[in-house]
Amino acid sequence: MKVTITSPRSVGKTTISKTKSDDKQDKFIEEIFEQSMKELSDFFGINWTRNRPAIVILKNRQEINDFNREKTEDWEVAFARNNAVYILDRKNFEKESCYKYSDDEYRKLLKHELTHLYYNLFSKGNHYPKWFEEGLAVFISGQSKDKKVKKFTKFLDYFKKGGEHLYSEGGCAVKVLFEKFGKDKLFILIKNISSLKSEVQFNKKFEDIYGSKPSYDFFNSLI
Ligand SMILES: [Zn+2]
């Protein structure tokens, strides 16, 4: 499998099959990477300077499939694993996915995946509830910025299962928690995630912090 690795720590040195257009791409990626790392370090209160994440560009759908060892869907364009973000080459973005390309959305996408790596430092591999993890990444990356939910009706079903509503409703759910109750309370929850192994435990901690179990009534009362 051919991958172009543009590790922002040493852009130019680790790029395989480097061409002129890769140079331009490296700069663009490096700029997003540095900006996102700065913003995320501020948000999470972590000064991540050593062993920073690598960015791996996957050229096309075939490379994404090869990497995952399965056929992937056309909406699967980026993921965070171990200490790296894997992302579909922006040059082939529209051809190889169901999305329209824009620099701004690509920037948010990369920041979304980097958010997962920061979150992992706290969650220590506990990815539940999924709506909270994905909602946080959507919110912090700004992907929920222009989206408004009129009524929450679905995201709480997504404790362990995956699906679209994780992103749309989950992002807005975390956003209202942040806006109504502030960052400190949100961080109490984030810092406890690693020890909350079940939905019952999560709901109890959530109630301790926010005064109510996570319910649609509760979230709808906030919008
Ligand atoms: Zn995600």
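This dialogue goes through a predicted model of one chain and how some of its features can be read.

Reader: Before looking at any detail, what is the mean pLDDT of the chain, and where does pLDDT stay under 50?

Author: The general idea is that where pLDDT is low, the predicted coordinates should not be read in detail. Here the mean pLDDT of the chain is 89, and 89% of the residues reach 70 or more.

Reader: How many helices and strands does the chain have, and in which order do the elements run?

Author: There are nine helices and four strands in the chain, and from the N terminus on they run β-α-β-α-β-β-α-α-α-α-α-α-α. Of the 223 residues, 32% count as buried, and among contacts between residues at least 6 apart in sequence, 62% join residues at least 24 apart.

Reader: Turning to helix packing, at what angle do the axes of helix H5 and helix H6 cross?

Author: Two packed helices are described by the angle between their axes and the distance between the axes. For H5, residues 130–141, and H6, residues 165–181, the axes come within 7 Å and cross at roughly 75 degrees. An angle of 65 to 115 degrees counts as roughly perpendicular, and therefore H5 is roughly perpendicular to H6.

Reader: Which residues of H5 meet which residues of H6?

Author: From H5 come Lys130, Trp131, Phe132, Glu134, Gly135, Leu136, Val138 and Phe139, and they meet Leu166, Tyr167, Gly170, Gly171, Ala173, Val174, Lys175 and Phe178 in H6.

Reader: How many residues does the largest nonpolar core have, and which of them have the most contacts inside it?

Author: In soluble globular proteins, nonpolar side chains tend to be buried together. In this model the largest nonpolar core has 39 residues, and those with the most contacts inside it are Val85, Ile87, Leu110, Trp131, Leu136, Phe155 and Ala173. Two or more residues each are given to this core by helix H1 (20–44), strand E2 (54–58), strand E4 (84–88), helix H4 (103–123), H5 and H6, and H5 gives the most, with seven residues. Trp131 and Leu136 of H5 and Ala173 of H6 also take part in the contact between these two helices.

Reader: Which peptide bond is cis, and where does proline 129 lie?

Author: For a peptide bond, omega is the angle to look at, and the bond from tyrosine 128 to proline 129 is cis, with omega near 0 degrees. Proline 129 lies in the loop between H4 and H5.

Reader: What is phi of asparagine 51, and is that residue buried or exposed?

Author: Phi of asparagine 51 is near 50 degrees, a positive value in a residue other than glycine. Asparagine 51 lies in the loop between H1 and E2, and with 8 other C-beta atoms within 10 Å it is exposed, because 12 or fewer is the cut-off. Arginine 69, which is not a glycine, has a positive phi of about 55 degrees; it lies in the loop between helix H2 (61–68) and strand E3 (78–81) and counts as exposed, with 6 C-beta neighbours inside 10 Å.

Reader: With which residues is asparagine 83 in contact, leaving aside its neighbours within four places in sequence?

Author: Those residues are Asn51, Pro53, Ala54 and Leu117. Asparagine 83 has its place in the loop between E3 and E4, and it is exposed, with 11 other C-beta atoms within 10 Å. Asparagine 83 and asparagine 51 are 32 residues apart in sequence, and their C-alpha atoms are 8.4 Å apart in space.

Reader: Where does tyrosine 101 lie, and which residues does it touch?

Author: Tyrosine 101 lies in the loop between helix H3 (93–96) and H4 and, not counting residues up to four places away in sequence, touches Arg90, Phe93, Glu94 and Tyr106. Its C-alpha atom is separated by 7.4 Å from that of arginine 90, 11 residues apart along the chain. Tyrosine 101 counts as partly exposed, with 15 C-beta neighbours inside 10 Å.

Note on methods:
Residues are numbered from 1 along each chain as its sequence is written. This is a predicted model: local features need pLDDT of at least 70, side-chain atom pairs count only at pLDDT 80 or more; totals for chains, interfaces and linings use all residues. pLDDT is the predictor's confidence in each residue, from 0 to 100. Axes are lines fitted to C-alpha atoms, for helices over the stretch in contact, and angles run from 0 to 180 degrees between N-to-C directions. Angles under 35 degrees count as roughly parallel, over 145 as roughly antiparallel, 65 to 115 as roughly perpendicular and the rest as oblique. Two residues are in contact if their C-beta atoms, placed from the backbone, lie within 7 Å. A nonpolar core is a set of buried Ala, Val, Leu, Ile, Met, Phe, Trp, Tyr and Cys residues joined through C-beta atoms within 7 Å. A residue is buried if 20 or more other C-beta atoms lie within 10 Å of its own, exposed if 12 or fewer, and partly exposed in between; C-beta atoms are placed from the backbone.
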